[in-house]
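Reader: I would like to go through the assignments in this model one by one, with the criterion behind each. Please set each value against its definition before concluding.

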Amino acid sequence: MKSLEESIAGAMDCSNTEINAFLPYILQDFWEIGADPETIIQLVKKYRPDYADLTVLDLGSGKGAVSVKLSAALGCRCFGIDAIREFVQFAEKKAEEFGVESICTFEQNDIRTRLSGLGLFDVIILGAIGPVFGNYSETLSCLSGHLKPEGIIIIDDCYIDDDSSFVYPAALKKTVFLRQIKEAGMELAEEVPASSPTEIREEYDRELCLITARCNELIKQQPEKAFLFEEYIAVQKREYEVLDTELVCGTFVIRPA
(Lines give C-alpha, C1' and ligand atoms only; values in the text may rest on other atoms or scores of the structure.)
Protein backbone atom coordinates (compact mmCIF):
# COMPACT_ATOMS: atom_id res chain seq x y z
CA MET A 1 0.00 0.00 0.00
CA LYS A 2 1.22 3.49 -0.80
CA SER A 3 2.23 5.74 2.07
CA LEU A 4 -0.22 8.43 3.14
CA GLU A 5 2.05 11.08 1.63
CA GLU A 6 2.10 9.23 -1.70
CA SER A 7 -1.67 8.82 -1.59
CA ILE A 8 -2.20 12.56 -0.99
CA ALA A 9 0.13 13.53 -3.83
CA GLY A 10 -1.52 11.01 -6.15
CA ALA A 11 -4.99 12.35 -5.40
CA MET A 12 -3.66 15.75 -6.43
CA ASP A 13 -2.23 14.30 -9.67
CA CYS A 14 1.39 14.60 -8.59
CA SER A 15 4.10 12.02 -7.86
CA ASN A 16 6.40 14.26 -5.81
CA THR A 17 5.28 14.08 -2.19
CA GLU A 18 7.25 17.23 -1.34
CA ILE A 19 4.39 19.24 -2.86
CA ASN A 20 2.00 18.12 -0.10
CA ALA A 21 3.21 20.72 2.39
CA PHE A 22 2.38 23.48 -0.07
CA LEU A 23 -1.06 22.31 -1.19
CA PRO A 24 -2.98 24.47 1.33
CA TYR A 25 -1.22 27.55 -0.05
CA ILE A 26 -1.55 26.56 -3.72
CA LEU A 27 -5.25 25.72 -3.36
CA GLN A 28 -6.21 28.58 -1.06
CA ASP A 29 -8.48 30.11 -3.72
CA PHE A 30 -10.59 26.96 -3.94
CA TRP A 31 -13.34 25.68 -1.71
CA GLU A 32 -14.79 23.06 -4.03
CA ILE A 33 -12.04 20.60 -4.94
CA GLY A 34 -13.16 17.96 -7.42
CA ALA A 35 -16.76 16.89 -6.91
CA ASP A 36 -19.69 19.22 -7.63
CA PRO A 37 -21.81 19.68 -4.47
CA GLU A 38 -24.97 20.70 -6.34
CA THR A 39 -24.96 17.55 -8.47
CA ILE A 40 -24.49 15.38 -5.39
CA ILE A 41 -27.27 17.18 -3.52
CA GLN A 42 -29.70 16.47 -6.35
CA LEU A 43 -28.68 12.81 -6.54
CA VAL A 44 -29.10 12.29 -2.81
CA LYS A 45 -32.58 13.85 -2.99
CA LYS A 46 -33.49 11.63 -5.94
CA TYR A 47 -32.29 8.31 -4.54
CA ARG A 48 -32.95 8.89 -0.85
CA PRO A 49 -36.09 11.01 -0.40
CA ASP A 50 -35.74 10.48 3.36
CA TYR A 51 -32.67 12.69 3.10
CA ALA A 52 -33.22 14.61 6.34
CA ASP A 53 -32.62 11.38 8.30
CA LEU A 54 -29.55 10.26 6.37
CA THR A 55 -26.00 9.73 7.56
CA VAL A 56 -23.35 10.57 4.97
CA LEU A 57 -19.67 9.59 4.91
CA ASP A 58 -17.50 11.87 2.77
CA LEU A 59 -14.12 10.20 2.15
CA GLY A 60 -11.36 12.55 1.08
CA SER A 61 -13.63 15.46 1.96
CA GLY A 62 -11.09 18.16 1.09
CA LYS A 63 -12.23 21.56 2.32
CA GLY A 64 -15.71 20.26 3.08
CA ALA A 65 -17.75 21.86 0.29
CA VAL A 66 -19.80 18.73 -0.44
CA SER A 67 -20.54 17.84 3.20
CA VAL A 68 -21.27 21.40 4.34
CA LYS A 69 -23.60 22.12 1.42
CA LEU A 70 -25.34 18.75 1.80
CA SER A 71 -26.02 19.36 5.49
CA ALA A 72 -27.15 22.92 4.82
CA ALA A 73 -29.48 21.95 1.97
CA LEU A 74 -30.92 18.68 3.27
CA GLY A 75 -30.39 18.65 7.01
CA CYS A 76 -28.60 15.30 6.87
CA ARG A 77 -25.66 14.34 9.09
CA CYS A 78 -22.31 14.36 7.32
CA PHE A 79 -18.94 13.12 8.49
CA GLY A 80 -15.92 14.05 6.38
CA ILE A 81 -12.41 12.64 6.60
CA ASP A 82 -9.35 14.14 4.95
CA ALA A 83 -5.61 13.74 5.46
CA ILE A 84 -4.67 17.42 5.18
CA ARG A 85 -5.01 19.26 8.49
CA GLU A 86 -5.48 22.71 6.97
CA PHE A 87 -8.29 21.42 4.76
CA VAL A 88 -10.09 19.94 7.76
CA GLN A 89 -9.72 23.19 9.71
CA PHE A 90 -11.12 25.15 6.75
CA ALA A 91 -14.06 22.71 6.48
CA GLU A 92 -14.86 23.12 10.17
CA LYS A 93 -14.95 26.90 9.80
CA LYS A 94 -17.26 26.58 6.80
CA ALA A 95 -19.59 24.31 8.78
CA GLU A 96 -19.80 27.00 11.45
CA GLU A 97 -20.34 29.69 8.82
CA PHE A 98 -23.28 27.72 7.38
CA GLY A 99 -24.65 26.94 10.84
CA VAL A 100 -24.37 23.16 10.45
CA GLU A 101 -21.46 22.41 12.78
CA SER A 102 -23.71 20.24 14.98
CA ILE A 103 -24.56 17.86 12.13
CA CYS A 104 -21.53 18.26 9.84
CA THR A 105 -18.22 17.24 11.36
CA PHE A 106 -14.73 16.54 10.07
CA GLU A 107 -11.68 14.58 11.08
CA GLN A 108 -8.07 14.52 9.95
CA ASN A 109 -7.11 10.92 9.29
CA ASP A 110 -6.05 8.34 6.71
CA ILE A 111 -9.31 7.08 5.23
CA ARG A 112 -7.69 3.76 4.32
CA THR A 113 -7.10 2.85 7.96
CA ARG A 114 -9.96 4.83 9.52
CA LEU A 115 -12.73 3.15 7.53
CA SER A 116 -12.62 -0.11 9.47
CA GLY A 117 -13.50 1.70 12.69
CA LEU A 118 -16.64 3.30 11.29
CA GLY A 119 -20.22 2.06 11.29
CA LEU A 120 -22.90 2.07 8.62
CA PHE A 121 -23.96 5.00 6.43
CA ASP A 122 -26.80 5.74 4.04
CA VAL A 123 -24.55 7.54 1.55
CA ILE A 124 -20.81 7.21 0.98
CA ILE A 125 -19.06 9.76 -1.23
CA LEU A 126 -15.75 9.43 -3.06
CA GLY A 127 -15.26 12.87 -4.55
CA ALA A 128 -12.54 12.82 -7.22
CA ILE A 129 -9.99 10.87 -5.19
CA GLY A 130 -10.00 7.65 -7.20
CA PRO A 131 -10.32 4.03 -6.02
CA VAL A 132 -8.29 4.43 -2.84
CA PHE A 133 -8.63 0.83 -1.61
CA GLY A 134 -7.17 -0.78 -4.73
CA ASN A 135 -9.12 -0.91 -7.99
CA TYR A 136 -12.83 -0.07 -8.08
CA SER A 137 -13.85 -3.67 -7.43
CA GLU A 138 -11.76 -3.72 -4.25
CA THR A 139 -12.76 -0.20 -3.24
CA LEU A 140 -16.49 -0.79 -3.66
CA SER A 141 -16.24 -4.11 -1.85
CA CYS A 142 -14.65 -2.31 1.11
CA LEU A 143 -17.27 0.43 1.09
CA SER A 144 -20.24 -1.92 0.71
CA GLY A 145 -19.57 -3.26 4.20
CA HIS A 146 -20.32 0.22 5.53
CA LEU A 147 -23.58 0.79 3.63
CA LYS A 148 -26.96 0.59 5.31
CA PRO A 149 -29.79 -1.22 3.47
CA GLU A 150 -30.84 0.86 0.45
CA GLY A 151 -27.59 2.80 0.76
CA ILE A 152 -25.79 4.33 -2.21
CA ILE A 153 -22.23 5.23 -3.12
CA ILE A 154 -21.59 8.42 -5.11
CA ILE A 155 -18.35 8.67 -7.03
CA ASP A 156 -16.94 11.62 -8.97
CA ASP A 157 -14.40 10.38 -11.51
CA CYS A 158 -13.54 9.98 -15.21
CA TYR A 159 -13.17 7.11 -17.67
CA ILE A 160 -11.90 6.58 -21.21
CA ASP A 161 -14.40 5.85 -23.96
CA ASP A 162 -14.14 2.29 -25.22
CA ASP A 163 -13.55 3.41 -28.81
CA SER A 164 -10.65 5.68 -27.81
CA SER A 165 -7.02 4.63 -28.31
CA PHE A 166 -5.91 6.96 -25.53
CA VAL A 167 -4.08 5.35 -22.62
CA TYR A 168 -3.88 7.00 -19.22
CA PRO A 169 -2.71 5.24 -16.03
CA ALA A 170 -5.21 7.04 -13.79
CA ALA A 171 -8.31 6.22 -15.88
CA LEU A 172 -10.09 3.03 -16.93
CA LYS A 173 -11.90 2.18 -20.11
CA LYS A 174 -15.63 2.42 -19.51
CA THR A 175 -16.19 -1.33 -19.91
CA VAL A 176 -13.48 -2.04 -17.32
CA PHE A 177 -15.01 0.50 -14.95
CA LEU A 178 -18.44 -1.14 -15.29
CA ARG A 179 -16.97 -4.63 -14.93
CA GLN A 180 -15.23 -3.70 -11.69
CA ILE A 181 -18.49 -2.30 -10.33
CA LYS A 182 -20.21 -5.60 -11.18
CA GLU A 183 -17.37 -7.64 -9.62
CA ALA A 184 -18.10 -5.86 -6.33
CA GLY A 185 -21.70 -7.05 -6.47
CA MET A 186 -22.94 -3.58 -7.33
CA GLU A 187 -24.52 -1.76 -10.27
CA LEU A 188 -24.33 1.67 -11.85
CA ALA A 189 -27.69 3.31 -11.18
CA GLU A 190 -26.98 6.64 -12.87
CA GLU A 191 -24.25 8.61 -14.59
CA VAL A 192 -24.48 12.41 -14.57
CA PRO A 193 -22.14 13.95 -17.16
CA ALA A 194 -20.06 16.97 -16.28
CA SER A 195 -21.07 20.39 -17.58
CA SER A 196 -21.00 21.36 -21.25
CA PRO A 197 -17.57 21.35 -22.97
CA THR A 198 -17.51 25.16 -23.12
CA GLU A 199 -18.34 25.55 -19.43
CA ILE A 200 -15.78 22.91 -18.48
CA ARG A 201 -13.03 24.53 -20.57
CA GLU A 202 -13.70 27.95 -19.06
CA GLU A 203 -13.62 26.49 -15.54
CA TYR A 204 -10.40 24.58 -16.22
CA ASP A 205 -8.74 27.73 -17.57
CA ARG A 206 -9.79 29.70 -14.51
CA GLU A 207 -8.56 27.05 -12.10
CA LEU A 208 -5.22 26.63 -13.87
CA CYS A 209 -4.66 30.40 -13.76
CA LEU A 210 -5.25 30.42 -10.00
CA ILE A 211 -2.92 27.48 -9.43
CA THR A 212 -0.23 28.99 -11.63
CA ALA A 213 -0.42 32.35 -9.84
CA ARG A 214 -0.01 30.75 -6.40
CA CYS A 215 2.88 28.57 -7.59
CA ASN A 216 4.62 31.62 -9.03
CA GLU A 217 4.25 33.35 -5.65
CA LEU A 218 5.93 30.37 -4.02
CA ILE A 219 8.72 30.46 -6.58
CA LYS A 220 9.46 34.05 -5.54
CA GLN A 221 9.30 33.14 -1.85
CA GLN A 222 11.38 29.97 -2.16
CA PRO A 223 13.42 30.11 -5.39
CA GLU A 224 15.45 27.09 -4.28
CA LYS A 225 12.27 25.01 -4.74
CA ALA A 226 11.30 26.52 -8.08
CA PHE A 227 11.66 23.12 -9.74
CA LEU A 228 8.95 21.70 -7.47
CA PHE A 229 6.39 24.38 -8.23
CA GLU A 230 7.20 24.49 -11.94
CA GLU A 231 6.73 20.73 -12.08
CA TYR A 232 3.38 21.05 -10.33
CA ILE A 233 2.22 23.67 -12.84
CA ALA A 234 3.25 21.41 -15.72
CA VAL A 235 1.52 18.40 -14.21
CA GLN A 236 -1.69 20.35 -13.62
CA LYS A 237 -1.63 21.79 -17.12
CA ARG A 238 -1.31 18.30 -18.56
CA GLU A 239 -4.06 17.01 -16.28
CA TYR A 240 -6.48 19.73 -17.36
CA GLU A 241 -5.67 19.07 -21.04
CA VAL A 242 -6.42 15.37 -20.58
CA LEU A 243 -9.63 16.08 -18.69
CA ASP A 244 -10.74 18.46 -21.41
CA THR A 245 -9.90 16.37 -24.46
CA GLU A 246 -9.56 12.68 -23.63
CA LEU A 247 -11.62 11.70 -20.60
CA VAL A 248 -15.34 11.44 -19.90
CA CYS A 249 -16.00 12.91 -16.47
CA GLY A 250 -19.10 12.61 -14.39
CA THR A 251 -20.80 11.73 -11.13
CA PHE A 252 -21.88 8.12 -10.68
CA VAL A 253 -24.50 6.61 -8.38
CA ILE A 254 -23.64 3.03 -7.45
CA ARG A 255 -25.77 0.67 -5.37
CA PRO A 256 -25.90 -3.03 -4.46
CA ALA A 257 -27.13 -5.12 -7.36
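Author: Let us begin with burial: a residue is buried under 20% relative accessible area, exposed over 50% and partly exposed in between, with a 1.4 Å probe and protein chains only. C76 has 0% relative accessibility, so C76 counts as buried. The model is a predicted one, in which local features need pLDDT of at least 70 and side-chain atom pairs count only at pLDDT 80 or more, while totals for chains, interfaces and linings use all residues. Residues are numbered from 1 along each chain as its sequence is written, and side-chain values use heavy atoms, with hydrogens and water left out.

Reader: Why is C158 said to be joined to C249 by a disulfide?

Author: A disulfide is a pair of cysteine sulfur atoms within 2.5 Å, and the S to S distance of C158 and C249 is 2.2 Å. A search of the whole structure finds one disulfide. The torsion about the S-S bond of C158 and C249 is about 95°, and therefore the disulfide is right-handed.

Reader: Why is the pair of Y136 and F177 called edge-to-face?

Author: Rings of Phe, Tyr and Trp (its six-membered ring) pair if their centres lie within 6.5 Å, and planes under 30 degrees apart count as stacked, over 60 as edge-to-face and the rest as tilted. The structure holds eight aromatic pairs. For Y136 and F177 the centres are 5.2 Å apart and the planes are at 65°, so the pair is edge-to-face. Y136 lies in helix α7 (residues 136-144) and F177 in helix α8 (residues 174-183), so this pair ties together parts that are 41 residues apart in sequence. Both Y136 and F177 are buried.

Reader: What makes the pair of Y204 and Y240 tilted?

Author: Their rings are 5.2 Å apart centre to centre, with 45° between the planes, and the pair is tilted. Y204 is in helix α9 (residues 197-221) and Y240 in helix α10, 36 residues apart, so that the pair links distant parts of the chain. Y204 counts as buried because its relative accessibility is 14%, and Y240 counts as buried because its value is 11%. Elsewhere, ring pairs link Y136, Y159, F177 and F252 into a cluster.

Reader: How do you know that the charged end of K63 sits over the ring of F90?

Author: A charge sits over a ring if NZ of Lys or CZ of Arg is within 6 Å of the ring centre and within 35 degrees of the ring normal. The charged end of K63 sits over the ring of F90, at 5.0 Å from its centre.

Reader: How do you know that the reach of helix α10 is close to what is expected?

Author: The expected span of a helix is 1.5 Å times one less than its number of residues. Helix α10 (residues 226-245) has 20 residues and reaches 29 Å from its first C-alpha to its last, close to the 28 Å expected. Among its buried residues are L228, F229, Y232 and Q236.

Reader: What makes I233 buried, and which residues is I233 in contact with beyond its neighbours within four places in sequence?

Author: I233 is found in helix α10 and has a relative accessible area of 17%, so I233 is buried. Contact means heavy atoms within 4.5 Å, and, leaving aside neighbours within four places in sequence, I233 is in contact with L208, T212, C215 and N216. Of these, C215 counts as buried because its relative accessibility is 0%.

Reader: Why is A128 called partly exposed, and E150 exposed?

Author: A128, in the loop between β4 (121-127) and α7, counts as partly exposed because its relative accessibility is 31%. E150, in strand β5, counts as exposed because its value is 67%. Phi of A128 is near 60°, a positive value in a residue other than glycine, and E150, also not a glycine, has a positive phi of about 70°.

Key
Helices (H or I, at least four residues) and strands (E, at least two) are DSSP runs, numbered from the N terminus.
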